[in-house]
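Colleague: I should like to learn how to read a model of this kind, feature by feature. May we begin with the structure itself?

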Amino acid sequence: MKWSTQRVNEIVSAMDHGFEIPLNPFWEGKPEWRAGGIVFEYTSEEISEMKKCSEDVIYFANKYCYVMTGEGIKNIELRDYQVDILRAYQANNKVVFVAPRQIGKTITTAIFLTWYLLFNTDKNLMILANNGATSEELVDKVKVVLQNLPFFLKPGMNVNNVMSMKFDNGCRLFGRTTTKTSGIGFTIHFLYMDEFAHIHPNFIEPFYRAVYPTIAADKNSRVIITSTPNGMNKFYEIYNSALLPPGAEGKNDYFPLRVDWWQVPGRDETWRLKEIANLGSEEDFNQEYGNQFLASSKLLLDSENLTRLQKSACEYEWREIGSMNDLLLDQAKYEHLRWHPKFDLDTISKNDRFVISIDVAGGGGGDYSVMNVFKLVPMSIAGIESRQNYRDESDFLGLLQIGLFRNNRAGVEELQPILETLVYEVLGEDRVAVVLEMDFKGNVLYEKMSTHKKFYPGIFVHTRHTENARFQRPGVKLNQKNKLEYCLEMRKLVKGGRLMITEKYTFVELSAFGLNNRGGYSSQVGHDDCAMTCVNLCTYFTSSQYIAQLEDIYDKLPKQYKDAIAAKLSKLNDDDEENGNLDSNFFRDMMQ
């Protein structure tokens, strides 16, 4: 017998009125499930909808997915970060996802698993979790989504058990608890592992070694790993390696995905403080919500500022630079030098001023050599008028990130020609201030730079290298005390809007930059070389280079900017509140 949506609806209506319909298209006579192997005639509209759903999981979720809520079964309303999750799942075969509690991760993942089961054939999907209850919960959520689909979208059911399902398109779903032998003996096309960091290490290491090669052998196979952090374990290793930029040594094939508690609407600093009180300690909050691999760590930047920075963070782009091509040899490629998509190198003006903050590494594949490029920009008129804590004109300008070089295979020899070309050919030595960390091989880079015919010491920001030093010397020399001071000062600059981060990797490092058990700040995920170049920028704002660049820019400011600053300076007060808002025509254009 042939079935159609109209005929199915008629039978459902009859059954709702108490009639028994022996011949029906339902699995075991249950209207919420479609029987396997039935003949179904699709309308042209249904065929079109199936095509749209198969191509776009977001369309599928928004139009057809119903989930259990506190108010009953409702059509899901995807939050922005849930859209990002589903997009990442669809676009990448391997995803490692770090997430706090109670953000809707499970139901979002269940929607994607359902989508995969519907629009594939002859695939085995296995769900593994640290305990049976977690696996069963996710299987149940998949079932809820399936049950509430329109009949024409439902797959035919052949087997429907508590922890497994089999459909007439050949796809099967299994739920398991992770053991050393979970998955062995199965052909797995899609492996989903939940709360991965909380699986006993005696199980996860041998299991992952055994099952991963069988999945990796199929280029179309999928792996999704999700978890809250739980110390520096296998989950940390996979996520940390995924964060590395393309081509870096140690980079794996996983796409790194992260959602933070402050991305959930309604979760602000007031909510955080209340939850800390409810849980009993900030450490407990960090463990459950903070996405922190070391729960004792306290992040340098708060949720409000991280939320603001995240909105501006983007992928930088490589640009071909003629002077680089002319100068650089093979061993000094500049492929890792990237720029904000809306920053135009061809429109650099003689009135522009720039800062390059540098952290030099050995080039052996460990720490990264970083050159972080910023542009000095004025605050907006609104930002000037709303600023409360200021002393003079210098408090109304800030730095906007526009470029980044980041490479763990570049040492001094590779950095020198790139930096020289940037300073002398691209930006202009009279328009650049360089902040150079001297702790590793910064002094070697400085000595090599000093041999250039256009070199003069004033290009480099000078600081006192020891607490008792009488004179300032080129570069920044860090110790435990001044590093802590610089970190706290950098936080003020970010909060006050005078330091705006726009590059993705820099934001990732700063979002995990916290107080460690030694009393200092460092990243608890991956490297913090980009973050430290931001920290070192504090020295620029107290340098003679800043005053000189400020004077250069201030003289060229439009009258309305100078009038706004003059009006503020006439009303100097002792208010300590930081309330800046870094902006400029250039900044507004980049952020739109």
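Colleague: In which sense do strand β8 (residues 124–129) and strand β11 (residues 172–177) pair?

Modeller: The model is a predicted one. In general, strands of a sheet pair through backbone hydrogen bonds, either parallel or antiparallel. Here β8 and β11 pair in the parallel sense, over 6 bridges. Within that pairing, F174 in β11 is the bridge partner of M126.

Colleague: What packs on the sheet there?

Modeller: Helix α5 does, touching β7 (94–98), β8, β10 (164–167), β11, β12 (190–193) and β13 (222–227). The direction of α5 makes about 170° with that of β12.

Colleague: What is the order of the strands in the open sheet of 10 strands?

Modeller: The order is β2-β3-β9-β10-β11-β8-β12-β13-β7-β14, and the pairing is mixed. The edges are held by β2 (26–27) and β14 (255–258); each has a single partner strand, so one side of each is left without a neighbour in the sheet.

Colleague: Which strands form the open sheet of 3 strands, and in what order?

Modeller: The order is β15-β25-β26, with antiparallel pairing. At the edges stand β15 (298–299) and β26 (521–523), each with a single partner strand, so one side of each has no neighbour in the sheet. Between β15 and strand β25 (residues 513–515) the antiparallel pairing extends over 2 bridges, and K298 stands opposite L515 in β25. Helix α16 (residues 480–495) packs on this sheet, where it touches β25 and β26. The direction of α16 makes about 75° with that of β26.

Colleague: How many residues of strand β18 (residues 354–359) are buried?

Modeller: The count is 6 of the 6 residues, so β18 is largely enclosed by the rest of the structure. F354, I356 and I358 point one way from the strand, V355, S357 and D359 point the other way, and all are buried.

Colleague: Which strands pair with β18, and over how many bridges?

Modeller: Strand β19 (residues 369–378) pairs with β18 in the antiparallel sense over 6 bridges; V370 in β19 is the bridge partner of D359. Strand β21 (residues 432–436) runs parallel to β18 and is joined to it by 5 bridges. In that pairing, V355 has A433 of β21 as its bridge partner.

Colleague: Let us turn to helices. What should the 12 residues of helix α2 (residues 44–55) span?

Modeller: At 1.5 Å a residue, α2 should span 16 Å; its end C-alpha atoms are 17 Å apart, which agrees.

Colleague: Which residues of α2 are buried?

Modeller: The general idea concerns the helical repeat. An α-helix has 3.6 residues a turn, so residues three or four places apart point the same way. In α2 the buried residues are E46, E49 and C53. They cover an arc of only 60° around the axis, which puts them on the same side of α2. On the other side, S44 and I47 are exposed. The cover over the buried residues of α2 includes α1 (5–16), β4 (39–40), α3 (57–64) and α5 (105–118).

Colleague: Beyond its neighbours within four places in sequence, what is F97 in contact with?

Modeller: Its contacts include I85, Y89, I103, I225, F235, L257 and V259, and also K105, T226, S227 and R258.

Colleague: Finally, how many helices and strands does the protein have, and what share of its residues is buried?

Modeller: The secondary structure comes to 21 helices and 26 strands, and 53% of the 592 residues count as buried. Along the principal axes, the C-alpha atoms fill a box of roughly 95 × 50 × 50 Å. Of the contacts with a separation of 6 or more, 72% are between residues 24 or more positions apart.

Note on methods
Residues numbered from 1 in each chain as written. Predicted model: local features only at pLDDT ≥ 70, side-chain atom pairs only at ≥ 80, totals over all residues. Heavy atoms only, no water. Helix = DSSP H or I, 4+ residues; strand = E, 2+ residues; numbered from the N terminus. Expected span 1.5 Å × (residues − 1). Buried < 20%, exposed > 50% of the residue type's maximum accessible area, 1.4 Å probe, protein only. Arc of directions from axis to C-beta. Contact = heavy atoms within 4.5 Å. Pairing = 2+ DSSP bridges. Axes fitted to C-alpha atoms, helices over the stretch in contact; angles between N-to-C directions.
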